[in-house]
Amino acid sequence: ALTPGRATFAPGARIDLRVLWRARQFIDNDYTTFVQVIGPDGNIVTQADRRPLDNFVPTSYWSPRQEMVDDYPLQLPADAPAGEYRLLVCWYDLETMMRLPMTQQGNTIGDAYQVATFTVR
């Protein structure tokens, strides 16, 4: 697991992100997740887009309070520059490309959630 501000990776390293999803209510649509690594310059360094659980159990089948564990492997480029990186997670509707608003403790925080920060050396 990544601890904000404490993890360090070398260029070319693989980062394994494990996410625990918990449905708070029934979900009407089948959403897609993206996980992005944002580099020190603010640009996307690597990204993974896919339906949660590789679409094995689409989000429209999730029941309230149901928990799903989902893994997202990411590969840093071999030439990733040294610096501070951010790891973001977001859901979106693949048909409309509309991102879902993200909330934290009931407050809207934008359309992506910062899971962690880490350093590349």
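This is a predicted model: local features need pLDDT of at least 70, side-chain atom pairs count only at pLDDT 80 or more; totals for chains, interfaces and linings use all residues.

Q: Over how many bridges do strand 3 and strand 6 pair, and in which sense?

A: Strands are DSSP runs of E with at least two residues, numbered from the N terminus, and two strands pair if DSSP finds at least two bridges between them. Strand 3 and strand 6 pair over 7 bridges in the antiparallel sense, with Q36 opposite L88 of strand 6. Strand 3 is also joined to strand 4 by 6 bridges, again antiparallel, and T33 has R50 of strand 4 as its bridge partner. In the hairpin of strand 3 and strand 4, 5 residues lie between the strands, and G42 takes a positive phi near 90 degrees.

Q: Which strands pair with strand 10?

A: Strand 6 is one of its partners, in the antiparallel sense over 7 bridges; here R86 has T117 as its bridge partner. Strand 1 is another, running parallel to strand 10 and joined to it by 3 bridges, where T8 is partnered with T119.

Q: How many residues of strand 3 are buried?

A: Burial is read from relative accessible area: buried means under 20%, exposed over 50%, and partly exposed in between (1.4 Å probe, protein chains only). In strand 3 (residues 32-38), 7 of the 7 residues are buried, so the strand is largely enclosed by the rest of the structure. Both of its faces are covered, with T32, F34, Q36 and I38 on one side and T33, V35 and V37 on the other.

Q: How many aromatic pairs does the structure hold?

A: A pair of aromatic rings is described by the distance of the centres and the angle of the planes. Rings of Phe, Tyr and Trp (its six-membered ring) pair if their centres lie within 6.5 Å; planes under 30 degrees apart count as stacked, over 60 as edge-to-face and the rest as tilted. The structure holds 6 such pairs. One of them joins F9 and F118 edge-to-face, at 5.2 Å centre to centre and 90 degrees between the planes. F9 lies in strand 1 and F118 in strand 10, so this pair ties together parts that are 109 residues apart in sequence. F9 counts as buried at 17% relative accessibility, and F118 is buried at 0%. Elsewhere, ring pairs link W21, Y31, W62 and W91 into a cluster.

Q: Which residue lies over the face of Y72?

A: A charge sits over a ring if NZ of Lys or CZ of Arg is within 6 Å of the ring centre and within 35 degrees of the ring normal. R50 lies over the face of Y72, at 4.2 Å from the ring centre.

Q: Where does D54 lie, and is it buried or exposed?

A: D54 lies in the loop between strand 4 and strand 5, and it counts as exposed at 59% relative accessibility. Most residues other than glycine have a negative phi. D54, although not a glycine, has a positive phi of about 55 degrees. N55 likewise has a positive phi, near 65 degrees, and lies in the loop between strand 4 and strand 5. N55 counts as partly exposed, at 33% relative accessibility. N55 and Y31 are 9.3 Å apart, C-alpha to C-alpha, and 24 residues apart in sequence.

Technical notes. Residues are numbered from 1 along each chain as its sequence is written. Side-chain values use heavy atoms; hydrogens and water are left out. Helices (H or I, at least four residues) and strands (E, at least two) are DSSP runs, numbered from the N terminus.
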